[in-house]
Every structure is written in C-alpha cells, then in structure tokens.
Number of protein chains: 2
Amino acid sequence: MAELHPVCAPLAFLLGTWQGTGTGVYPTIEDFSYAEEVSFTHAGKPFVAYTQRTKDAGSGLPLHAEAGYLRPQEGGRVELVLVQPSGIAELLEGTVEDQNIQLASNAVLGTGSAKPVTATERRFWVEGEVLYSSVAMAAVGLELQPHVVSEMYRLS
Amino acid sequence: MAELHPVCAPLAFLLGTWQGTGTGVYPTIEDFSYAEEVSFTHAGKPFVAYTQRTKDAGSGLPLHAEAGYLRPQEGGRVELVLVQPSGIAELLEGTVEDQNIQLASNAVLGTGSAKPVTATERRFWVEGEVLYSSVAMAAVGLELQPHVVSEMYRLS
C-alpha cells in the first residue's frame, strides 16, 4: 500500500468503502429510495478516486453510478471531476473542513443524448460513524434544488 | 450477473479486463513507457463502464488513471464521458464498427488547477487477441498529435 500523499490528508476521513441507503426527490419524477455503496481510494498520488453505485431499494436493480477524482488544493480548497453513465460530466470546486466537503459545479456538460443538467451542489460529511452524501441539481429547466441524500456506514 | 443490454452488443468485444504495455510521446515531455490495465464492465444497463490505470514501466509507480462510461447510440454511434485525476473531463463522440471504436472530443474541460487540454481523439480496437488503445491530444497550446498507444491482452 502506498502512503497517503500529504495533500490528501484532509480527505483521509473518507478513505474506504461505505454502504447505506438514500432517498431521492425531484419535481419531474416520483420519490424513490435506494441502496448505495461508495468507495474512496488513493494510490499515493495527490488525488482520491471516488466511485459510487446505487440499487433500487425494492428490486435490487442497478440505478445510478458515478466515478470521479477529488483533487485537494491549497487553503482547504478541493476540486472534483465527475462522470455519470447518463452522459454527464461535472467539474466542481469547493472546500473541505472538519470532515465536511462542500462543492458547487463550475461546469456541467452532457453528451448529445444526455438530459440537460445545468448546475449541481454536492456535499460529503461525516458525523460520528455516519457518512452523509447529498446532491442538489438544476436540470430539465428547473432551478437548483435538493435531489438525493443518503447515510452510509463504513464497510472497510 | 445481469444480461448484457442489447444496445451494448457492439461493445461486447471489449468486456473484461486487459493488461499490457504502452509508450507515450509529446513535444513537451520525454518519451515514456508504461504498464496498463483497463477494465470494461456492465450492469445490464445501456452503458459500459471503463476504468484504466497505468504504472511506470521501470519503477512500477502509478502514472495515469481515468474512468468513464461508453454509451452506445443508434446507427453505430457511441459516446464516451471520461474523467482523469489531472482534473480533466472529456465528452467524446464517434463510431463503433467491427471491433473498432473511434472517438473525437466535443468538449474538454479542466478544473482551475488542470493543465490546458483542448481536444483529444481516442481509439480502441481489437485485432486477433490484442486490444489496442491510442490517444491523440492537443494540449498546452500545441496541435492535436499522437500521445500514447498501447497493446493489451485479455486477463478475464
């Protein structure tokens, strides 16, 4: 195992695999609930790799996935580059402080076949043993608003 | 194991894990060689997840990584959304035909701390038992030109 790159120290609280459940809302769809697994790994370099997968809470069928890289910067700043199989790529910037990461999109891009998403805000924060994750989204012409929130516990 | 989504049939030749070696060139850096592992997986949904990691051929230290999703479209078209830990996100579109995927970037975006990359062309193609992968790149103000090419064999 490589040693954690010093610039990644503020993200050390995330490292590992977490599992839990979440709920989703948006004006254009029915409310939904899901099982989620996220993983944060490092290779000794100045970034942390992030992957996420969700399954329908009832059927167990795969719902969403995403993959990206967290890039810590000076002064408690952090960047996230992220892609989703729906054809969306996001560039986000924000802060990490006291086990709390807050990010807002600088740019959201979609392929020709992707639904129009114009902005997102994302948070990851740990309280006690729980990792919380939330996404707010401006999509299909609507304003930025809450979309999903989840609670996960560390698997490894 | 989920059944392959029918729209992913043209990408079935990629599914699995492949390992091999590659070489890289660019006017602004010294030539380099590397060991590479790529993985193409599916979850029964209409996309294929792609991950890649490379290591320095001499030292074994991690070099590059990327992650993304291939999205087959009608008429032999395919989209790729891709992120790299260097802070780059790419949206590419192109074609898949006879085990040959050719993609060109529609958009390349970088975070505030990323090096300027303005365009890429990517190919994945299989001949016999070999998966070839190549990337051409326009970066740091230079024209689109060959950057890396690799040959890999199927592990699983």
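The structure is a predicted model, in which local features need pLDDT of at least 70, side-chain atom pairs count only at pLDDT 80 or more, and totals for chains, interfaces and linings use all residues. Residues are numbered from 1 along each chain as its sequence is written, chains are lettered from A and ligands numbered from 1 in the order in which they are written, and side-chain values use heavy atoms, with hydrogens and water left out.

In chain A, ten strands close into a barrel in the order β1-β2-β3-β4-β5-β6-β7-β8-β9-β10, with antiparallel pairing. Strands here are DSSP runs (E, at least two residues) numbered from the N terminus, and two of them pair if DSSP finds at least two bridges between them. From one strand to the next, the twist averages 20 degrees, where axes are lines fitted to C-alpha atoms and angles run from 0 to 180 degrees between N-to-C directions. Strand β2 (residues 29–41) of chain A is joined to β3 (residues 48–56) of chain A by eight antiparallel bridges; within this pair, A:V38 has A:Q52 as its bridge partner.

In chain B, strand β1 (residues 16–26) pairs with β2 (residues 29–41) in the antiparallel sense over ten bridges, and a hairpin of two residues connects β1(B) to β2(B). B:T21 stands opposite B:A35 of β2(B). On β3(B), B:A35 has B:K55 as its bridge partner. The antiparallel pairing of β2(B) with β3 (residues 48–56) of chain B runs over eight bridges. The hairpin between β2(B) and β3(B) has six residues, and B:G44 in the turn shows a positive phi of about 85 degrees.

The contact between the chains (heavy atoms within 4.5 Å) takes 31 residues from chain B and 31 residues from chain A. About 2,400 Å² is buried between them, 67% of it on carbon and sulfur atoms; buried area is the accessible area (1.4 Å probe) that two parts lose on being put together, summed over both. In chain B, the residues that lose the most area to chain A are B:Y69, B:P85 and B:L91, together 24% of what that side buries. Strands β4 (62–72), β5 (77–84), β6 (88–96) and β7 (100–110) of chain B each supply at least two residues of the side that touches chain A. The largest share of that side, eight residues, comes from β4(B).

Across the interface, zero salt bridges are found (a side-chain nitrogen of Lys or Arg within 4 Å of a carboxyl oxygen of Asp or Glu).

How values were computed: Helix = DSSP H or I, 4+ residues; strand = E, 2+ residues; numbered from the N terminus.
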